[in-house]
Amino acid sequence: MASVGLLIRTAAPADALAVARVHVRSWQAGYKDLLPDAYLASLTPEERAGRYTFGDQDPLQPQTLVALWEERICGFATTMPAPVPDQGELAGLYVDPDHWGRGIGTRLLTEARSYLALRGFSRAGLWVLSGNTRAQRFYARDGWRPDGVTRGQRIWGIDVQEVSYTRRLP
């Protein structure tokens, strides 16, 4: 788990396509046995990139941090206020599969938690795709716990079931 050569910074509008490539590749690898193959194969970075709002300084809008390894975006974490008082949300955390196991996700998670705490939130929440044991183990190692809440949601045009995790912030 090395972080040498790793830089974390705020996403800029020009990062949209690179972030979208990470987003799509991580979905295609990480959700391979959880979502239909044809659906995953149909995802495109170009379509996803058009949905980002990087550079928006409105504190009510999602804020994204990107991880750069050797000056290339290899992961990102998006935070936002949650619909629960005093709680922020980790809306997404993805690392390109070629960079899994290097500690990049852990570093992004740490930075995202710090960002939420600096914004005054005392708790944080996130949603994990049901059956995603890799993500469940990852978040559990960082102190996140399922809180018993589940939901069905339509994401990127497909219906999914998700499990809620929460934790206190420092």
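Which residues do ring pairs link into a cluster? In this predicted model, the cluster consists of Phe138, Tyr139 and Trp144, joined by ring pairs.

The aromatic residues were examined across the whole structure, and the search found five aromatic pairs. In one of them, the ring centres of Trp27 and Tyr31 lie 4.9 Å apart and the planes meet at 70°; because an angle over 60 degrees counts as edge-to-face, the pair is assigned to that class. Tyr139 and Trp144 also form an edge-to-face pair, with 6.1 Å from centre to centre and 70° between the planes. A pair of aromatic rings is described in general by two quantities, the distance of the centres and the angle of the planes. Both partners of the pair formed by Trp27 and Tyr31 fall below the 20% limit for burial: Trp27 has a relative accessible area of 4% and is therefore buried, and Tyr31, with a relative accessible area of 10%, is buried as well.

Helix α1 was considered next. The helix covers residues 16-30, a run of 15 residues. From its first C-alpha to its last, α1 reaches 21 Å, which is close to the 21 Å expected at 1.5 Å a residue. The buried residues of α1 are Ala16, Val19, Ala20, Val22, His23, Val24, Ser26 and Trp27. In an α-helix there are 3.6 residues a turn, so residues three or four places apart point the same way. The cover over the buried residues of α1 includes both helices and strands: α2 (37-42) and α3 (45-49), together with β2 (63-69), β3 (72-81), β4 (87-95) and β6 (145-155).

Helix α1 also takes part in the second largest pocket, to whose lining α1 gives the most, with four residues. The volume of this pocket is about 260 Å³. The elements that contribute two or more residues to its lining are α1 and β3. The lining is made up of Ala18, Arg21, Val22, Arg25, Trp69, Glu70, Arg72, Ile73, Cys74, Asp96, Asp98 and His99. Val22 is named both among the buried residues of α1 and in the lining of the pocket.

Glu70, one of the lining residues, is found in the loop between β2 and β3. Its backbone has a phi near 50°, a positive value in a residue other than glycine. Most residues other than glycine have a negative phi. Asp86 likewise has a positive phi, of about 65°, although it is not a glycine. Asp86 is found in the loop between β3 and β4. Exposure requires a relative accessible area over 50%; Glu70 therefore counts as exposed at 62%, and Asp86 counts as exposed at 51%.

A further exposed residue was found in a strand. Arg168 belongs to strand β7, which covers residues 158-168. With a relative accessibility of 54%, Arg168 counts as exposed. When residues up to four places away in sequence are left out, Arg168 touches Ser122 and Arg123. Arg168 and Arg113 are 55 residues apart in sequence, and their C-alpha atoms are 9.6 Å apart in space.

Conventions
Residues numbered from 1 in each chain as written. Predicted model: local features only at pLDDT ≥ 70, side-chain atom pairs only at ≥ 80, totals over all residues. Heavy atoms only, no water. Expected span 1.5 Å × (residues − 1). Buried < 20%, exposed > 50% of the residue type's maximum accessible area, 1.4 Å probe, protein only. Contact = heavy atoms within 4.5 Å. 1 Å grid on protein atoms, 1.4 Å probe; cavity = no way out; pocket = protein on both sides within 12 Å on 5 of 7 lines; lining within 4 Å. Points joined across faces, edges and corners; volume = space filled by probe spheres on them. Phe/Tyr/Trp six-rings, centres within 6.5 Å; stacked < 30°, edge-to-face > 60°.
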